[in-house]
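Let's take a friendly walk through a protein model together. Have your viewer ready, and we will go from the whole chain down to a few residues.

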Amino acid sequence: MALSEASACRRMLLRPPRVILFGDSITEFSFEENGWGASLAHRLARKCDVLNRGLSGYNTRWAKMVLPRLISKDSDAKNTIAVTVFFGANDGALKDVNPKQHVPLDEYADNLKSMIQYLKSVDIAEDKVILVTPPPLDEAAWEKECIAKGEKLNRLNSTTGEYAKACVKVASDCGTSVIDLWTLMQKNNQDFSCYLSDGLHLSGEGNNFLANQLWSFLEQKTSTVHVLLPYWRDVDHLHPEVSLQGNPHDL
């Protein structure tokens with residue numbers, strides 16, 4: 001390829017808008033089969049790149065430290081349509097049983113606020129941020145998982161609920177959107193165990209539930225985003241360059 005052609009290709013590089021999923025293991029696992037992240041990526045195919053930035057086992061203390069290494073102005077932050085911030089399941093671990101992951105409630109709220117402020121500093125405004133509370137904890141199921149590892153039950157649903165409420169308040173204080181999974185999954189005192197695979201992480205039904213909740217936000221945010229490149233039937237096969245080498249903003 002001639003130098004002039006290569007330069008032209010660089011100028012025409014297509015940069016689809018991005019949706020960034022930032023969280024703990026529930027986010028990291030979201031691209032597994034039937035995962036909520038995979039579902040969103042499927043719905044946004046050829047419109048947005050859905051990036052998984054889930055970090056299994058992480059709490060907000062660690063997440064706040066690494067966020068600038070994952071999202072920065074240099075990483076095309078302006079082209080970001082939405083960022084989910086989904087932490088709390090590890091922060092709410094019981095201090096006396098699991099001190100490594102535990103983060104005090106007030107610090108958890110402050111860490112969420114700090115991450116929102118950081119995102120604003122790299123041109124991702126609060127109206128693009130979606131906080132997600134931890135889901136409820138099925139203590140009986142999770143205790144079985146803990147015992148199998150030779151450990152004690154290290155989380156409680158009531159404690160998780162306190163972190164969920166703190167997350168909701170941060171969203172209200174900072175002007176972000178929020179999905180209160182902890183409350184929604186227990187609405188009308190329903191049995192929420194079907195939403196969880198092991199008492200903590202999401203099952204197929206739980207993944208579908210979260211994907212639908214998020215889609216109610218993302219569908220509106222992406223409604224004006226054009227499909228990337230023409231549908232194949234619309235390409236002029238005799239002169240494909242006419243269809244495929246236009247202004248990328250017009251495609």
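Before we look at charge, a word on counting: Lys and Arg are taken as positive, Asp and Glu as negative, while His and the chain ends are left out. Each charge is placed at NZ of Lys, CZ of Arg, CG of Asp or CD of Glu. On that basis, the chain has 27 positive and 32 negative charges, and their mean positions are 5 Å apart. Please keep in mind that this is a predicted model.

Now for the chain as a whole. Its C-alpha trace spans about 70 × 35 × 35 Å along the principal axes, and it holds 10 helices and 5 strands. Of the 251 residues, 45% count as buried. The chain exposes about 13300 Å², with carbon and sulfur atoms supplying 51% of that area. If you take the contacts between residues at least 6 apart in sequence, 77% of them join residues at least 24 apart.

Let's zoom in on helix 4, which covers residues 60–70. Which of its residues are buried? They are Thr60, Ala63, Val66 and Leu67. Viewed down the axis of helix 4, these buried residues fall within an arc of 135 degrees, so they line one face of the helix.

What do the buried residues of helix 4 pack against? Their partners are strand 1 (18–23) and helix 5 (105–121). Helix 5 includes Ser114, which counts as partly exposed because its relative accessibility is 33%. The C-alpha atoms of Ser114 and Thr60 are 9.8 Å apart, although 54 residues separate the two along the chain.

Finally, step back to Asn59, in the loop between strand 2 (49–54) and helix 4. With a relative accessibility of 0%, Asn59 counts as buried. At the start of helix 4, a side-chain oxygen of Asn59 comes to within 3.1 Å of the backbone nitrogen of Arg61. The Asn59 side chain also reaches the backbone nitrogen of Trp62, at 2.9 Å. Leaving aside neighbours within four places in sequence, the residues in contact with Asn59 include Phe87, Asn90, Asp91 and Lys100.

How values were computed: Residues numbered from 1 in each chain as written. Predicted model: local features only at pLDDT ≥ 70, side-chain atom pairs only at ≥ 80, totals over all residues. Heavy atoms only, no water. Buried < 20%, exposed > 50% of the residue type's maximum accessible area, 1.4 Å probe, protein only. Helix = DSSP H or I, 4+ residues; strand = E, 2+ residues; numbered from the N terminus. Arc of directions from axis to C-beta. Contact = heavy atoms within 4.5 Å. Polar contact = N/O pair within 3.5 Å; in protein donor to acceptor, adjacent residues only side chain to side chain. Areas by Shrake-Rupley, 256 points an atom, 1.4 Å probe, with all protein chains shown as cover.
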